[in-house]
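Q: I would like to learn how to read a structure step by step. Could you guide me through this one?

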Amino acid sequence: MASLKRVFTLRLHDEVFDKVEVLAKEQHRSMTNLIEYIILSHLAQHENEHGEIDVPK
């Protein structure tokens, strides 16, 4: 099944990449899934503090 998600390249220093890899393994997640979770969590936190982000259409 095709995904409707956009894809982008994420450039990380090796140390950051390695840390994300460790956390992903601890949580039994893929690195992609963990990075997506972190981004969504940060967006939710930001919107809780500052209100919904208005995205132009």
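A: Happy to. Keep in mind that this is a predicted model. Let us begin with the two helices: H1 and H2 are roughly perpendicular to each other, because their axes cross at an angle that falls between 65 and 115 degrees.

Q: How is a pair of packed helices described, in general? And at roughly what angle do the axes of H1 and H2 cross here?

A: In general, two packed helices are described by the angle between their axes and by the distance between the axes. Here, helix H1 covers residues 14-26 and helix H2 covers residues 31-50. Their axes cross at roughly 95° and come within 9 Å.

Q: Which residues of H1 and H2 meet?

A: On the H1 side they are Phe17, Val20, Glu21, Leu23 and Ala24. On the H2 side, Met31, Leu34 and Ile35 meet them. Sorted by class, this contact has 7 nonpolar residues, 1 charged residue and no polar ones.

Q: How many helices and strands does the protein chain have?

A: The protein chain has 2 helices and 0 strands.

Q: What does the radius of gyration of the protein chain look like beside that of a compact globule?

A: A compact globule of 57 residues would have a radius of gyration near 10 Å, whereas the protein chain has 14 Å. Along the principal axes, the C-alpha atoms fill a box of roughly 35 × 30 × 20 Å.

Q: What percentage of the residues is buried, and what is the accessible surface of the chain?

A: Buried residues account for 5% of the 57 residues. The accessible surface of the protein chain is about 5,800 Å², and 57% of that belongs to carbon and sulfur atoms.

Q: Is His28 buried or exposed?

A: His28 counts as exposed because its relative accessibility is 74%, and the cut-off for exposed is over 50%.

Q: Which residues does Arg29 contact, leaving aside its neighbours within four places in sequence?

A: Arg29 also lies in the loop between H1 and H2. With those neighbours set aside, Arg29 is in contact with Ala24, Leu34 and Tyr37. At 29% relative accessibility, Arg29 counts as partly exposed.

Q: What about Gln27: where does it lie, and how far is it from Pro56 in space?

A: Gln27 lies in the loop between H1 and H2. Its relative accessibility is 40%, so Gln27 counts as partly exposed. From Gln27 to Pro56 there are 29 residues in sequence and 35 Å in space, C-alpha to C-alpha.

Definitions and conventions
Residues numbered from 1 in each chain as written. Predicted model: local features only at pLDDT ≥ 70, side-chain atom pairs only at ≥ 80, totals over all residues. Heavy atoms only, no water. Axes fitted to C-alpha atoms, helices over the stretch in contact; angles between N-to-C directions. Helix = DSSP H or I, 4+ residues; strand = E, 2+ residues; numbered from the N terminus. Parallel < 35°, antiparallel > 145°, perpendicular 65-115°, else oblique. Contact = heavy atoms within 4.5 Å. Nonpolar A, V, L, I, M, F, W, Y, C, P; charged D, E, K, R; others polar. Rg over C-alpha atoms; globule rule 2.2 N^0.38 Å. Buried < 20%, exposed > 50% of the residue type's maximum accessible area, 1.4 Å probe, protein only. Areas by Shrake-Rupley, 256 points an atom, 1.4 Å probe, with all protein chains shown as cover.
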